[in-house]
Amino acid sequence: MAIKGKKKSQARGSQARRRPAAAPRVAAARRTHVPWYRTPGGRVGAAIGIAVIFGLIVGGVALSRRDDQANAALQEQMKTYTSDIERLVGELQDPVTELASMPTGVAGEEELQNLKDSVKKWRKALSDVQSVAFSLGPPPDTENANRLFLHAIGLYIGSVDTYELASQTEDVDVQSKIMGRAAFERGQANEAFLTAIAVLDEARDELDMTSSGLEAPGAAPAPAPEETSITLPPAETPGAQIGTETNQDGGDKPKKGKN
């Protein structure tokens, strides 16, 4: 039996149907840029870089100190060597100065006799200096200078030998040539000594040192000054004035001043 008053609901078409809710939109996550030094890898790299730089600085300072110490040691060796050469120059001074005073041509009888007496003394003094020079230990970069010093001393000794030969020669022409040769060898020794000093000063300059101030021994003596004649005016006679007056006979007589 049907129940009155109620009516079965009817479909209302598409409007009566509820659409399913749309899925929520996914918001795109915004990526933020992280600096490299904030990343774990960046921090490790920065720490390694700082350690390397610090190590380089420490190593550079240590190397600089070692270089300074080595340079100071070389400077001390150079000072000692220069002092030794200066002492040898002092010992060479007398014999080389006497050599420089010898004539370059024919020598007189007295000069030849003095030459015979002097050659042995010169050879002894120069040989002693040469022995000391051979025993010196030159610092690095001064080997060439040391060889030149030894060469110069050898040339001085050779000059002495040549002078001795001249003293034993009676032929005047031959003697003159030998004396000239001995003087030439002495000049070569001086040049070699000056070259050695220049090489030594270059080595000192490389070590930031001043010039040695050394000079070749036995520089030739300066020539004696020439004599000059000086004409003095005649002395005046007391009470007289310069001037003349004519005599009656045509001669001149000095004018007398008033007393």
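These legends walk through a few close-up views of a predicted model. Local features need pLDDT of at least 70 and side-chain atom pairs count only at pLDDT 80 or more, while totals for chains, interfaces and linings use all residues. Residues are numbered from 1 along each chain as its sequence is written, and side-chain values use heavy atoms, leaving out hydrogens and water.

**View 1. Helix α4, end to end.** Helices here are DSSP runs of H or I with at least four residues, strands are runs of E with at least two, and both are numbered from the N terminus. How far apart are the end C-alpha atoms of α4? They sit 52 Å apart, which agrees with the 51 Å that 35 residues (172-206) should span at 1.5 Å a residue; the expected span is 1.5 Å times one less than the number of residues.

**View 2. What comes after α4.** Most residues other than glycine have a negative phi. D208 lies in the loop between α4 and β1 (240-246), and at 68% relative accessible area it is exposed (buried is under 20%, exposed over 50%, partly exposed in between, using a 1.4 Å probe and protein chains only).

**View 3. D141, in the loop between α2 (109-135) and α3 (143-167).** D141 isn't a glycine either, yet its phi is positive, near 70°. Its relative accessible area is 67%, so D141 counts as exposed.

**View 4. L56 in helix α1 (residues 40-100).** Is L56 buried or exposed? With 63% relative accessibility, L56 is exposed.
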